[in-house]
Each structure stands twice: as C-alpha cells, then as structure tokens.
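Student: Hi! Could you walk me through this one? I'm new to it.

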Amino acid sequence: MAKGNALQAVLDRAKVGGEPAPAPASPAEAPPARGTQGGRQGTKLIGGHFPPEISTQLRILAAEEETTVQRLLAEALDDLFVKKGRNRVGRGVV
C-alpha cells in the first residue's frame, strides 16, 4: 500500500469515530532532516562501492578497536596522503 493511502486510511478511520488521528508532529519533535546533523556540518561525504567482505572487515576491525568505521577510514586516508607526500587532513573526524 502506498504511503499516502495508509495515511488516508488512518484519517478516514478517525472521521468515522475509530482510532483518533495522530497529532501532527511539531517542528521541535520532528527528527532532524537527513544530512543536517550537527557533527557533520562543514564536512563532505566521500563514498565508494566495494565488495561486502570489505564492509564486514571494516566493521569487525572497528569493533575490535572500539572505534568507528569513519575513524578507520580517516586513518587510512591520512596514511595515503602521507604516502603520496600530501599533508595530513584527518583531524576533527567525527
């Protein structure tokens, strides 16, 4: 069922005296819009497509080292920049 149809069904039930219609969420209660999290302001997403095994290995390594995949990727990029004679830029990684 499409999302609009499900919402309409809830509204129709409320009209006939069934379950009450849900109150609209106020802007303060609404979850933050995607991509607007405070810790990510001033950053850019860098992505790539890799085999599932790489994702699994990264998550296992992050868990073993009690860190995040993002921090591991930042460390790897810093190592790459040093190897290529560039400045380290991984400071401030969330």
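Predicted model: local features only at pLDDT ≥ 70, side-chain atom pairs only at ≥ 80, totals over all residues.

Student: Let's talk about α2. How many residues does it have, and what is its reach?

Tutor: Helix α2 has 13 residues. From first C-alpha to last, α2 reaches 18 Å, close to the 18 Å expected at 1.5 Å a residue.

Student: At what angle do α2 and α3 cross?

Tutor: Helix α2 covers residues 52-64 and helix α3 covers residues 69-83. Their axes cross at roughly 100° and come within 9 Å. An angle from 65 to 115 degrees counts as roughly perpendicular, so α2 is roughly perpendicular to α3.

Student: Which residues make that contact?

Tutor: On the α2 side there are Leu58, Arg59, Leu61 and Ala62. On the α3 side, Val69, Leu72 and Leu73 take part. Sorted by class, the contact of α2 with α3 has six nonpolar residues, no polar ones and one charged.

Student: Several of those numbers sit a few places apart. Why would residues three or four places apart point the same way in an α-helix?

Tutor: An α-helix has 3.6 residues a turn, so residues three or four places apart point the same way.

Student: Nice. What follows α2?

Tutor: Glutamate 66 follows α2, lying in the loop between α2 and α3. Glutamate 66 has a positive phi of about 50° although it is not a glycine.

Student: Is glutamate 66 buried or exposed?

Tutor: Exposed: its relative accessible area is 74%, and over 50% counts as exposed.

Student: Changing topic, where is valine 89?

Tutor: Valine 89 is in the segment after α3. With 55% relative accessibility, valine 89 counts as exposed.

Student: Which residues is valine 89 in contact with, leaving aside its neighbours within four places in sequence?

Tutor: Those are Asp78 and Phe81. Valine 89 and aspartate 78 are 11 residues apart in sequence, and their C-alpha atoms are 6.5 Å apart in space.

Key:
Residues numbered from 1 in each chain as written. Heavy atoms only, no water. Axes fitted to C-alpha atoms, helices over the stretch in contact; angles between N-to-C directions. Helix = DSSP H or I, 4+ residues; strand = E, 2+ residues; numbered from the N terminus. Parallel < 35°, antiparallel > 145°, perpendicular 65-115°, else oblique. Contact = heavy atoms within 4.5 Å. Nonpolar A, V, L, I, M, F, W, Y, C, P; charged D, E, K, R; others polar. Expected span 1.5 Å × (residues − 1). Buried < 20%, exposed > 50% of the residue type's maximum accessible area, 1.4 Å probe, protein only.
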